[in-house]
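Please look over the chain shown here with its cross-links and charged pairs in mind. The report that comes after it takes these topics in turn.

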Amino acid sequence: VQLQASGGGLVQAGGSLRVSCEISGLTFTDYSMAWFRQAPGKEREFVSSIWPSGGRTWYADSVRGRFTISGDVAKNTVYLQMSSLKPVDTAVYSCAAATGPKTYSTWYRNPVEYHYWGQGTLVTVSS
């Protein structure tokens, strides 16, 4: 299984960027796919998750309304469209895959539940 994240870069505050997670070795619609991010000197945090078979998406409060997670079945790729970017969004964004659901309501935001991880792509938002 490989998760290849790409699309990061430098963008000005208020701008938009789309990062992609190209998946091989599994079909993303059979899993819950998530984006996590880690800023320098900070812990990894949940950003968004999509569970296609359950018809659910979730977002962290800090990105809700600005970010949109989606997937392309034909390309077996998951995207994170980011708009109205802020300097605090600067981080390495990584995609991950988990089997779901689990028995507790916040499973989708727990990195322990995700068994496959990509290498991450750096997003830098300048002020």
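This is a predicted model: local features need pLDDT of at least 70, side-chain atom pairs count only at pLDDT 80 or more; totals for chains, interfaces and linings use all residues.

## The disulfide

The count of disulfides in the model comes to 1, and the link is formed by C21 and C95, whose sulfur atoms are 2.1 Å apart. Because C21 belongs to strand β3 (residues 17-24) and C95 to strand β9 (residues 91-98), the pair ties together parts of the chain that are 74 residues apart in sequence. The link of C21 and C95 is right-handed, with 70° about the S-S bond.

Both ends can also be described by their accessibility: C21 has a relative accessibility of 0% and counts as buried, while C95, with a relative accessible area of 1%, is buried as well.

## Salt bridges around D89

The structure holds 4 salt bridges. In one of them the side chains of R37 and D89 meet, with an N to O distance of 2.9 Å. R37 lies in strand β4 (residues 32-38) and D89 in the loop between β8 (77-82) and β9, so this pair ties together parts that are 52 residues apart in sequence. R37 and D89 are both buried.

D89 also meets the side chain of R66 in a salt bridge, at 2.8 Å from N to O. This pair, too, links distant parts of the chain, since R66 is placed in the loop between β6 (56-59) and β7 (67-72) and D89 in the loop between β8 and β9, 23 residues apart. R66 is buried, as is D89. Taken with E45, the residues R37, R66 and D89 are linked in a network of salt bridges.

## The pair D61 and R64

Another salt bridge joins the side chains of D61 and R64, where the N to O distance is 2.6 Å. Here D61 counts as exposed at 65% relative accessibility, and R64 counts as partly exposed at 47%.

## Q119 and its surroundings

Q119 is found in the loop between β10 (116-117) and β11 (121-126), and its relative accessibility of 46% makes this residue partly exposed. When residues up to four places away in sequence are not counted, Q119 touches L3, Q4, A5 and S94. For A5 there is a further detail, in that its backbone oxygen lies 3.0 Å from a polar atom of the Q119 side chain.

Definitions and conventions: Residues are numbered from 1 along each chain as its sequence is written. Side-chain values use heavy atoms; hydrogens and water are left out. A disulfide is a pair of cysteine sulfur atoms within 2.5 Å. Helices (H or I, at least four residues) and strands (E, at least two) are DSSP runs, numbered from the N terminus. Buried means under 20% relative accessible area, exposed over 50%, partly exposed in between (1.4 Å probe, protein chains only). Contact means heavy atoms within 4.5 Å. A polar contact is a pair of N or O atoms within 3.5 Å; within protein, one must be able to donate a hydrogen and the other to accept it, and residues adjacent in sequence count only if both atoms are side-chain atoms.
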